[in-house]
Amino acid sequence: MAIDRTLEMFRSPIPGSERSPAIRSVDWILRGVGQVVFQGNWLTGLVILAAIAVNSWVYFVAALLGTIVSTATAVLLRMDRSLVNAGLLGFNGCLAGIGLNFYMSNDVTIGEWPSVQLYLYMALAAALSTVVMGALGSLLGSRGTPVLTAPFVFATWLLMFAVYAFVGFEPGALLAPGSPAPLGETAGYTAETVFNGTFKGVGEIFFQDNAVTGIIMAVGILVNTRVGALMAVGGSLLATLLAMAAGADEAAINAGLFGFNAALTAIALGGFFFVLNRSGALYALFGVVVTVFLWPSIGVVLTPIGMPTLTFPFVLTTWLFILAKPAFPALTPVEPADATY
Amino acid sequence: MAIDRTLEMFRSPIPGSERSPAIRSVDWILRGVGQVVFQGNWLTGLVILAAIAVNSWVYFVAALLGTIVSTATAVLLRMDRSLVNAGLLGFNGCLAGIGLNFYMSNDVTIGEWPSVQLYLYMALAAALSTVVMGALGSLLGSRGTPVLTAPFVFATWLLMFAVYAFVGFEPGALLAPGSPAPLGETAGYTAETVFNGTFKGVGEIFFQDNAVTGIIMAVGILVNTRVGALMAVGGSLLATLLAMAAGADEAAINAGLFGFNAALTAIALGGFFFVLNRSGALYALFGVVVTVFLWPSIGVVLTPIGMPTLTFPFVLTTWLFILAKPAFPALTPVEPADATY
Amino acid sequence: MAIDRTLEMFRSPIPGSERSPAIRSVDWILRGVGQVVFQGNWLTGLVILAAIAVNSWVYFVAALLGTIVSTATAVLLRMDRSLVNAGLLGFNGCLAGIGLNFYMSNDVTIGEWPSVQLYLYMALAAALSTVVMGALGSLLGSRGTPVLTAPFVFATWLLMFAVYAFVGFEPGALLAPGSPAPLGETAGYTAETVFNGTFKGVGEIFFQDNAVTGIIMAVGILVNTRVGALMAVGGSLLATLLAMAAGADEAAINAGLFGFNAALTAIALGGFFFVLNRSGALYALFGVVVTVFLWPSIGVVLTPIGMPTLTFPFVLTTWLFILAKPAFPALTPVEPADATY
């Protein structure tokens with residue numbers, strides 16, 4: 001169809017990239033943002049950046065800074081240009097930039113403008129994510145296992161854990177060590193719990209506590225792939241419903257905190273790394289269910305130091321489910337190049 | 001000898017397994033239970049199930065449920081049938097089922113009947129253990145290192161850590177976050193400390209706080225291997241004595257908590273993965289000593305979140321001692337197929 | 001030059017090593033001590049032992065004990081003799097011995113003489129470090145990644161975490177579980193902060209809170225390599241200045257706690273594992289900056305159980321930066337055999 005040909009255009013480099021390093025750089029950045037949700041499509045990246053801007057210019061700047069620094073680090077260290085061109089050196093930096101900014105803010109919804117020291121630290125985290133990318137690629141590459149957002153998670157954790165130790169940093173309100181305690185009761189669930197849980201769940205992939213932002217992001221994914229958009233929204237919805245069935249805290253569900261990891265797991269297992277046939281669909285469903293419980297599980301481990309799970313529940317679940325691939329002939333793996341759109 | 005020929009019978013599939021899927025399934029389950037203590041022998045599994053029933057029907061059901069679900073998951077995902085036939089897809093599920101039931105009970109000795117939600121969760125843990133088995137097999141297989149009970153440990157940890165977060169779950173009395181503190185003093189040791197420490201130590205492999213159950217289990221192992229039974233009891237005894245020499249808490253020793261990991265390490269290193277010559281015996285002894293200290297060590301790490309060590313001290317010690325194999329020509333590795341009986 | 005020929009002598013075995021097992025053993029021990037700072041040079045080891053003795057005979061004995069036991073364990077298990085001859089089976093035991101002694105003392109600066117039980121435990125840790133060395137070598141060897149001081153870190157952590165559980169052990173004053181808290185303010189920095197931070201930073205590699213000891217140790221490295229000595233002192237200085245710029249606790253900087261991991265990272269990345277050209281120098285600088293923040297970062301993770309970071313910040317940073325090597329063609333790896341002196 002004509003529309004498919006048009007959309008295909010956005011998967012190719014931005015016209016003029018071959019001639020102009022400036023245009024090429026813009027392509028790297030937009031595509032890098034899109035790769036957070038597995039989309040090598042510069043229009044997806046552009047729509048997502050717009051979705052972030054709708055919520056917060058602070059995080060818009062943080063996303064750009066992180067994406068630029070992690071990509072530039074890769075270029076300076078002369079990483080394989082085909083990886084850079086695919087935007088694969090941008091997405092971890094993008095999340096590292098927003099993530100540090102988010103957890104060092106007191107008003108996390110729209111964020112606070114960072115100090116110079118914090119901006120430097122965000123840049124350091126983004127640069128470190130490129131080294132972690134290289135290291136994990138070396139460890140996992142031979143097993144056909146992708147690094148996912150692990151470079152973002154590890155680089156951000158390693159630097160964020162240190163912020164208590166310096167008077168130059170002011171940890172945000174969410175960074176508060178405590179002792180885990182059973183959830184005694186919770187507020188009642190409403191239709192808003194389901195709506196916000198689902199769409200903020202998509203937005204929280206980029207730390208955006210905003211349902212409109214989440215909806216625009218889903219559209220950004222839809223621009224590149226119908227299956228992916230369905231998985232993102234469906235994964236987040238399913239996680240929201242399951243968390244309600246098991247009796248999770250309403251405020252956490254409402255903020256999309258059960259949804260964002262599940263959305264990523266659903267995209268990854270549902271059609272991207274495995275063919276979405278009957279076995280594949282059941283396997284993806286299984287992975288989403290596990291991810292729902294891994295968010296509070298990893299959260300408990302980090303409670304005594306007051307640190308956040310980031311997207312580690314998604315990374316851990318998806319790693320386990322992909323590493324197990326050779327053991328399960330019932331599943332049909334798909335090479336990322338053949339991913340369904 | 002006639003008795004050896006008789007015992008050999010129980011290592012083969014239950015007569016009729018070739019014709020009847022029902023009999024084959026029973027063989028998988030019994031053999032799966034036996035594999036917790038490295039015994040691919042359906043009579044061993046049967047004796048162990050009886051030993052559990054002697055202590056608690058709650059845990060008997062949990063053991064069956066876990067073994068069935070993890071095996072069924074493997075069959076659905078079409079795992080290598082020879083692994084399934086050997087019972088290797090059952091033992092982690094068996095422990096995951098009992099383990100979750102145990103730590104979600106207030107009376108842990110005989111356990112409490114789970115809610116429907118908890119039964120579903122136990123099934124999820126057992127199914128997840130099969131995915132973790134596949135994933136770890138992919139990571140460790142090329143290094144000739146067995147997964148041991150790591151799939152049980154990781155699947156159970158990942159789901160158990162999450163239980164605080166849902167009003168639908170009621171964490172048991174043992175799940176209590178705290179701060180580690182030096183042991184100031186302890187009750188005096190008696191002959192009972194040694195007796196219970198040793199035999200409850202065998203029972204605690206399956207979470208059974210019952211010396212008679214432990215003795216029956218040792219008989220279950222003896223049915224398949226004299227060396228293995230000696231190692232199980234001897235490893236638990238040695239750990240008990242060493243814990244007393246170092247001044248551990250009497251109640252913990254008495255409950256067999258120092259024994260169960262050491263019993264497993266002793267079976268694994270003492271004749272199963274290494275030939276039990278002079279070097280091998282010293283190496284196994286070394287491993288048992290290390291395991292004794294790893295139980296409180298891993299326990300301290302988990303104290304701030306109030307979670308249990310499970311059999312991770314055994315897994316970690318045995319992984320280190322087996323991974324190091326190529327570096328130590330003084331030792332003679334043994335292929336599991338040639339394990340001494 | 002004549003001086004270079006003379007220095008070369010100390011890299012070869014001590015004269016008479018071929019004939020006398022006693023001299024050979026002394027060579028193993030001295031070289032083992034030197035390998036803590038990557039120097040296969042028996043004079044370096046001798047100078048470092050003297051530097052320790054200047055500060056504390058307690059730690060001098062602990063260093064000897066640990067080095068002897070880890071080396072003897074390797075000999076008993078018949079490890080590759082060329083590794084033993086290079087001193088590579090001594091350095092982790094050396095640190096394990098001092099480390100346990102240090103953290104089980106109340107006066108950590110000069111240490112307290114251990115009980116018999118603690119001496120046995122130090123020996124166990126040193127022996128275990130040899131097994132961990134074999135295990136990690138098996139995991140990392142195929143990736144051209146060195147084990148660094150990870151065997152010391154893991155063996156010591158595993159056993160030190162257990163000390164709360166036994167009345168036979170008295171944890172030292174520094175082992176105190178707590179909750180992480182933001183650093184509100186700090187004492188003012190002085191020239192002494194810089195001086196002590198830098199030279200105690202070198203001394204703290206061996207747990208010596210003594211600037212003179214640190215200076216002698218730097219001389220010990222200088223005996224083998226000008227670049228290495230420059231990196232050790234320069235890395236520690238840079239870490240000290242950066243910690244001051246970011247606003248770290250004066251007492252921690254002054255004690256050299258920001259310096260010791262950075263000194264090791266600087267030696268490793270600055271000329272030892274990568275050629276020290278322009279890219280290599282920037283990469284080493286990047287690694288040192290990351291290490292500075294990893295010391296408090298790992299420290300926060302261990303705060304709830306009151307345990308120390310040891311040299312894990314160095315190990316983790318250097319592993320990441322070396323594992324990423326194949327991804328970064330801008331860097332020129334160097335085989336240890338060709339390390340610059």
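A: Let us begin with a definition: a salt bridge is a side-chain nitrogen of Lys or Arg within 4 Å of a carboxyl oxygen of Asp or Glu. The model is predicted, and across the interface of chain A and chain C this rule finds zero salt bridges.

Q: How many residue pairs are in polar contact across the interface of chain A and chain C?

A: Seven residue pairs are in polar contact there, both residues of each pair being at pLDDT 80 or more.

Q: What area is buried between chain A and chain C, and how many residues of each are in contact?

A: About 2900 Å² is buried between chain A and chain C, and carbon and sulfur atoms give 77% of this area. The contact involves 35 residues of chain A and 39 residues of chain C. Within chain A, the residues that lose the most area to chain C are A:Leu77, A:Phe166 and A:Val167, which together make up 20% of what that side buries.

Q: Which helices of chain A supply residues to the side that touches chain C?

A: Helix H4 (57-76), helix H7 (116-140) and helix H8 (150-160) of chain A each supply at least two residues, and H7(A) gives the most, with 12 residues. Sorted by class, the side of chain A that touches chain C has 25 nonpolar, seven polar and three charged residues.

Q: How is a pair of aromatic rings described, and how many aromatic pairs does a search of the whole structure find?

A: A pair of aromatic rings is described by the distance of the centres and the angle of the planes. Over all chains the search finds 81 aromatic pairs. For A:Tyr283 and A:Phe328, the ring centres are 6.0 Å apart and the planes stand at 75°, so the pair is edge-to-face. Because A:Tyr283 lies in helix H14 (residues 278-302) of chain A and A:Phe328 in the segment after helix H15 (312-323), the pair ties together parts that are 45 residues apart in sequence. A:Tyr283 is buried, with a relative accessible area of 2%, and A:Phe328 counts as buried at 0%.

Q: Why is the pair of B:Phe195 and B:Phe199 called tilted?

A: Planes under 30 degrees apart count as stacked, over 60 as edge-to-face and the rest as tilted; the rings of B:Phe195 and B:Phe199 have their planes at 55° and their centres 5.2 Å apart, so this pair is tilted. The two residues are four residues apart in helix H9 (residues 191-203) of chain B, and are therefore separated by about one helical turn. B:Phe195 counts as partly exposed, at 42% relative accessibility.

Q: Which residues of chain B form a salt bridge, for example with B:Glu8?

A: The general idea is that side chains of opposite charge can pair when their charged atoms come close. B:Glu8 forms a salt bridge with B:Arg11, the closest N and O atoms being 2.6 Å apart. B:Arg11 counts as buried at 17% relative accessibility, whereas B:Glu8 counts as partly exposed at 39%. A further salt bridge joins the side chains of B:Arg31 and B:Asp27, at 2.9 Å from N to O, and both of these residues are buried.

Q: Where is B:Ser17 found, and which residues is B:Ser17 in contact with?

A: B:Ser17 is found in the loop between helix H1 (2-11) and helix H2 (21-34) of chain B. Leaving aside neighbours within four places in sequence, B:Ser17 is in contact with B:Ile23, B:Arg24 and B:Asp27, and the side chain of B:Ser17 reaches the backbone oxygen of B:Ile14 at 2.6 Å.

Definitions and conventions: Residues are numbered from 1 along each chain as its sequence is written. Chains are lettered from A and ligands numbered from 1 in the order in which they are written. This is a predicted model: local features need pLDDT of at least 70, side-chain atom pairs count only at pLDDT 80 or more; totals for chains, interfaces and linings use all residues. Side-chain values use heavy atoms; hydrogens and water are left out. Contact means heavy atoms within 4.5 Å. Buried area is the accessible area (1.4 Å probe) that two parts lose on being put together, summed over both. A polar contact is a pair of N or O atoms within 3.5 Å; within protein, one must be able to donate a hydrogen and the other to accept it, and residues adjacent in sequence count only if both atoms are side-chain atoms. Ala, Val, Leu, Ile, Met, Phe, Trp, Tyr, Cys and Pro count as nonpolar, Asp, Glu, Lys and Arg as charged, and the others, Gly among them, as polar. Rings of Phe, Tyr and Trp (its six-membered ring) pair if their centres lie within 6.5 Å; planes under 30 degrees apart count as stacked, over 60 as edge-to-face and the rest as tilted. Buried means under 20% relative accessible area, exposed over 50%, partly exposed in between (1.4 Å probe, protein chains only).
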